[in-house]
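Reader: Before I use any labels for this model, I would like to see what they rest on. Please go through the terms with the values beside them.

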Amino acid sequence: MSTSILLLTAGLAAALSVAGAFKAPRLWLSFVLVAAMASLAAAVGTLAGGGVWELQSGWTIGGERVHFRLDGLSAFFLALLAVIGGTGAVYSQEYWTDAAHPRSAGPGRAWWSAMLTSMGMVLLCANGLHFLIAWELFAVTAFFLITLERRWREVRDAGWLYLGASHAGSLCLFGFFAMLAVRTGSWDLGPMRDRPELAPLFWLALAGFGLKAGLFPLHIWLPSAHANAPSHVSAILSGVAIKMGVYGLVRFSGWLPVPEAGGWVVAVLGVVSAVLGVAFALGQHDLKRLLAYHSVENVGIILIGLGFAMIAAHHGHPAWGALALAGGLLHVWNHGLFKGLLFLGAGSVLHATGTREMSRLGGLWKAMPWTAGCFGLGAAAISALPPLNGFVSEWLVYLGLFDAVNAHDTVAWLAIPAIVLLAMTGALALACFVKVCGIVFLGVPRSRAAESAHECGWRMRGAMLLLSGLCVAIGLVPVVFWPAVQRAVVEWRAVEAGVEAPLMALAGCNVVFAVLAAGAGAALWWHVTRRGIRRAPTWDCGYAAPTARMQYTAGSFAGIITEWFAWILQPARHRRAPEGVFPALARQDEHTPETVLEKVVQPAGSVVMTLSTAVRRLQHGRIQSYIVYLLLGLLVLSVLVFAWASSGSR
Amino acid sequence: MKELLVILAPFAGAIAALAWPREGTRRRLLPVVGAAHAVLTGWLLVDPPAAVEGSWIGFDAVSRAVLPAVSLLFLVCSFYGLSYLRLRPERGNRIFVASLCGLLGLLSLSLQAQHLGLLWVSVEAATLSTVPLLHFNRTGRAVEAAWKYLLIGGTGIALSLLGSFCLGYASLVGTGGGDLTFAALGREGAALSRPWVLAAWVLLLVGYGTKMGLAPMHTWKPDAYGEAPGIVGALLAGGMTTAAFVAILRVRQVVDAAGEGLVANRTLLVLGLFSMVVAALFLLGTPDFKRMLAYSSVEHMGILSVGAALGVGGLVASLFHVWSNSITKGALFLSAGNMRRAAGSSRVPEATGMVWLTPVSARVFAVGVFAITACPPFGPFFSELQVVRAASAAGQTGAMFLFLGCLLLAFLGLTRLAFSVLDGRPRRSADASRDRFRETAGILVPPLVFLAASLWLGLATPEWLRGLWDEAARTLTYPG
Amino acid sequence: MSSNLNLLIGIAMGLNLVALASGRLPSLIRAAAMQGVVIGVLPLLMHSEFHWLVAAVSAGTVVVKGFVIPSLLQRALRAAHIDREMEPLIGFIPSLLLGAAASIGAIGFAGALPLRPEHAGVLLVPGAFATVVCGFLLLMGRTKAISQVCGYLLLENGIFLFGLLLIRSTPLIVEAGILLDLTVAVFVIGIIVDRIQREFDTLDTRKLTALRE
Amino acid sequence: MSLFIDTVLRLAGWLLLAPLIPGVINKVKAWVAGRRGPPVFQLYYDLAKLWRKGVVLSHVVSPMHVAGVAVGWVALVGAAMLLPLGEGGLAFRGDAILFVYLLAVARFCTALAALDTGSAFEGMGAAREVSYAVLAEVAVITGLVALAVESGSLSLSTMLTPSPGAGVALLGAGLFIVLLAENCRVPFDDPNTHLELTMVHEVMVLDHSGPPLAAVLHGASLKLLIFSVLLAEAVLPLGAMPAWAAAAALAGAVLAIAIGVGLVESFLARFAFRRVPLLLTTAFLLCLFALLTAWKGSEFGVTESSVAERGAPAAEPFFGWRP
């Protein structure tokens, strides 16, 4: 089937799904799935078959001809969108039902379809004006999805913060596209690498897309939005929506000339995001907030790859750039998959217990083994452990970075710290996910809610299993997915050099390791159970009656590391030390604020608000002063006008 | 003579309203006048009258590009007025209907005026005709608003009269005979006395700028828009300001012809950006959603002014924005009016949870807020983007970034207030005090039509409309 | 003839100062009314030959500005029973000094302006500027609605004076239209002042600050 | 076929020799203290005994508690198999990174198995383990970068045949500290302590018993051997020697390292926990200086040799089994 027909089907199905969203959930789901399948097929076809699909129609929107284009790079992102969009839709059928959410379930479905459609449009549009329209529609639909549960003030605040940040990014893109249009004379997009005067525009694109991608100092909206959105929405936000920012950066760093420093800045921002993202994650005690900070981390890893590829572009495209980019792009998929999986798992926990607070959870593996298993797999994948997918992409990035070091160029000055900090990020992520899995799923339930948890139904489980399966598949047989990555890399700046990595060997190791690990685990379990197992209480140094509250907490677990990062995390500690011989009450709690938001953005905001208050005080209702303003305006304008006129005449 | 009909028809309507004996049926005049005006405007567009040299009234390219917007605005508003007045049987509507019709006639006159004095007379008269409209609610707050509107607007308009005289004197000191038609003044061009031209420019800018609501002359605006019925707000924000803006454009053309176009552009740019900054700061803090619309209007007047400073491309964008702003503002004012009536207040602690009280109006309002803050695919997105593009094309990168920054602050302020009005719980007092406000089709369809029009304007801007704007922009710049 | 003109304009400028200095509302209204009468006569002096439209404008000005509007204001004053002493934001002596400075400055300033030769020796331009400034001083410096209306009247008178420069070149119909508009404007203002009085039971504009941020 | 035999032989070597190292260390410690101490083969006896025993599990734990131990052990075996021993063996570009991350898998499994018990002490141990590993991993990867720069390659088989240089001593010192930290030896941890509050690794495995404990203990000894071999190969120019000499040198070096660890344990006391990061940072800095030395050296090398060789490291297996 040709790409046109597939995309048309997808579009129609998406449109029809909006119609069915309110009254007919099943119909909606089938339409969404048809749309997802069709666009996935189109993406896979483009990635496998090569070539670029283009459609230029005579039909205009806003005075511009409609121009769609699907090439290797956009197809790469479209495939991810289709997978997560379809999976999330299945999941939401059980997670956000009409029975539980009578007011928001219907709109939620409609917005979901709208958001998928607008993201697809972002990927397809090859006209700056239409790109902006699709971009902004996607941003606004995401806002309504985040704030589906509008009853809670927290949700509304998170949504508003998202909206504001997103609009700031959009306005940067206004500037970007307008300046691009002025300099090229049209809104058409496409490769224009041979026009060096366009290079400075990259900085605007970096700000605009970086805000959406959640780069470190620009990530302020991300944690609260991801935490407060319904979980299937968090999954698509983290899995796909922030990747749209990455898409923008990859797309326009490929199409436009990039400034010499561009790659360096992107790579440095990537490194900073990676390390600090995970550091902030460690300080969290809200399950979904923690996952949200890991999105910052992983976007950082992706951008390390992109940054080095951009540096490479200024060095004549050596192979290490392509490798790093390949790693980054594969990580786009991988992060989409495992972060989607983790958010769906977190949603399942939330659904079963009603809380995201890790200190109220624990021991959930017993009640929800499927969720625990899938989440554990996702945790291993995001910690970049072999044989799963996260390792494959990070490994590719490492290969690129090591080769960059061995290129003995100035780039080594960045590549070496990047390698070291990437390793540190990996170890920190591992620590963080040991904490999450251990505190949430292992041990003993810490609250009544966690005790009475229940496993989710087949739709939620199926969605998680599908994503788990994909995580394993990319880990074990990356060679199957590799041509797609290669295609996207080649598409990036049309360098045909190709990118090669010993993936067969790695895949072999991964498969052998997976088989052996499974075998050894089963063997040991069999060996142990054959003898019979005696059960006893956990050893607590002789204390015979351990309680759930004596377990290690998330805060203590991460305490050593958060102490190292206290300079940036700025944790707020409230401590009431035990006093007296028989201390009645003692407590200690620690909260890691969103430092950039609370220490930088909010003070800046309060300066603006002070200014606003001062200015508003001028509107005090006394008409005499209003006439003074009028007269002052007159005087200042006359001074200006006569000054300009006299300077002009001279 | 056709162009006179479009002015006289509303006046006839006004006289008919004054003479109409029955209180209950007088409101039906509104749609009749609106439709007649729209038909006449359409006729003028299809079959433009020949320009008469030296005529004081003419349906030139500029009026062609703007008058249809005002006509459309009035037409839709008139249907809203029909339903609105039925909800307000306790108020006599003789003066109200007559003033609305008169306002339309005077706006049509001022948009077609080719003579500085006539322009002034029509704008001043339009100002006076809106006073009874502002005063319609007869509350103390309405009186206060009308007083401030009158005194500040009056002072401003007096300054523009002084400016008009200065321009006339510039011609008198130069070679001309003090002919105040724009064509004559433009022909004199560089022969005009520079100091008097500059003085005239400042005075006229401040004067008509007061009517437009550019900061720091905007002080009457929040009071007037906050207290007037929604329909009046819509007509003021979309019609009155447009007339004043067109006046400034025409004067700018003369100043340009006199060789001071650069200075004029700079002044417009500075004043526009200043208005945007001030409006953004106000928007961040105001707790009243009708006053919010007023500040938003100040901001958009700033956008118009910035666009007018950026050459032909900017002028086209400005004219486009005149359309998209007035139509989108129409949706906002009408839905805000509904919400205000339902809640009994337009301030935040009193008016919350509007999604529950007025579900449709609240949603229209929300969509309108997104539309007016340049979210696609509505009209303002396209026109503002065009302004941004024009700024970049004119090399005003710094101004472009300031412009974008103001848009951001305004967006933050608007959305924050809008959502705190829409969300939350409705106040019980508002629910119980009056027998619950019901949204009827008559007061819902007009704002929806405005939204649809805004959408149409953005997504499928008709070529003929673009042609009108281009032509007007070209005539408004001094060739050379 | 120009000396007659200058004499009348001088009287108008003097009346500015009277208006600024008067502490009682009736005397302020009277000063504004007299100024209206004085400038109403000016068009007749400017035109050497008689024209019925000039006469109409002149008569209209005298009647409206000299009698109709002042009596309107007087009536509002009586209805309000207000404290006739004013509490100015700009004190009487400062406003008097400022007004005087404005008058002197206007004369100096007008000398620097490129005027047509026939206007160079006439006090029209300085008189106009001085009156406008004094109008603004009243608008900004007084708290009673009625004194602000008087300020507005002064402002209009100043502009009227300036408009006389053009009386020979512009068609009189414009002047007539302008005059009509101004009359209606002041009339509407009068109605609103009346409303204020009824609604708030005061004419003190400091009480009118309900509409604020 | 020879490939299969080769692999089996290597595997057997790693698995069988590993428990020897703790025996040697304990013997050295006993010797320094003037005791006879347990026999060198003590761990073999213990493992055999444990393997035959039944198992006691906490009420709390999940199957992960047992399976995780097995997976961690497999990961360590896998890491061991990536280290080159003479000619042949598994090697491909980038296996060094796989090596590091396989060690991470082992850590992940051990720490999770510890948290599975719900015990505060084991949680504490797991927290320490994963936290210190952050710094240790940074040091290891820096060392690997140094080796990569030195050899121009990213395959352990090529990287671990360095030319002797000033950097080697620094690298050796750094890796030795990492060895102590990763294997929880004094001064980071005292394997013989009986105070749970002060333990790192031992406290994590408190609840293991029987065959799983055997796997844990064997895994620990294997890890010790892995790091010893890594250290020895990183320091000694084995590639330049004939095969028998290389084998002898490696064996001697591993023995020396074991003795060294024993001596350190005899003469040093445990550090306070807050000083642990300091020592690990020192290790990182040592590796970093080794890297800088290697960088300088290779720069000179590059200027001497042809520039064409720069980007393409020679004689590096692309993937698959080395012939």
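Reader: How many helices and strands does the secondary structure of chain B come to?

Author: Chain B has 19 helices and zero strands, where helices (H or I, at least four residues) and strands (E, at least two) are DSSP runs numbered from the N terminus. This is a predicted model, in which local features need pLDDT of at least 70 and side-chain atom pairs count only at pLDDT 80 or more, while totals for chains, interfaces and linings use all residues. Residues are numbered from 1 along each chain as its sequence is written, and chains are lettered from A and ligands numbered from 1 in the order in which they are written.

Reader: Why is Gly443(A) called buried?

Author: A residue is buried if 20 or more other C-beta atoms, placed from the backbone, lie within 10 Å of its own, exposed if 12 or fewer, and partly exposed in between. Gly443(A) has 29 such neighbours, so it counts as buried. Gly443(A) lies in the loop between helix H16 (412-441) and helix H17 (448-451) of chain A.

Reader: What makes Trp525(A) partly exposed?

Author: Its count is 18 C-beta neighbours inside 10 Å, and therefore Trp525(A) is classed as partly exposed. Trp525(A) belongs to helix H20 (residues 503-530) of chain A.

Reader: Which residues is Trp525(A) in contact with, leaving aside neighbours within four places in sequence?

Author: They are Pro63(D), Val66(D) and Ala67(D); contact requires C-beta atoms, placed from the backbone, within 7 Å. With the same exclusion, Gly443(A) touches residues including Gly362(A), Val60(D) and Leu115(D).

Note on methods. Contact = placed C-beta atoms within 7 Å.
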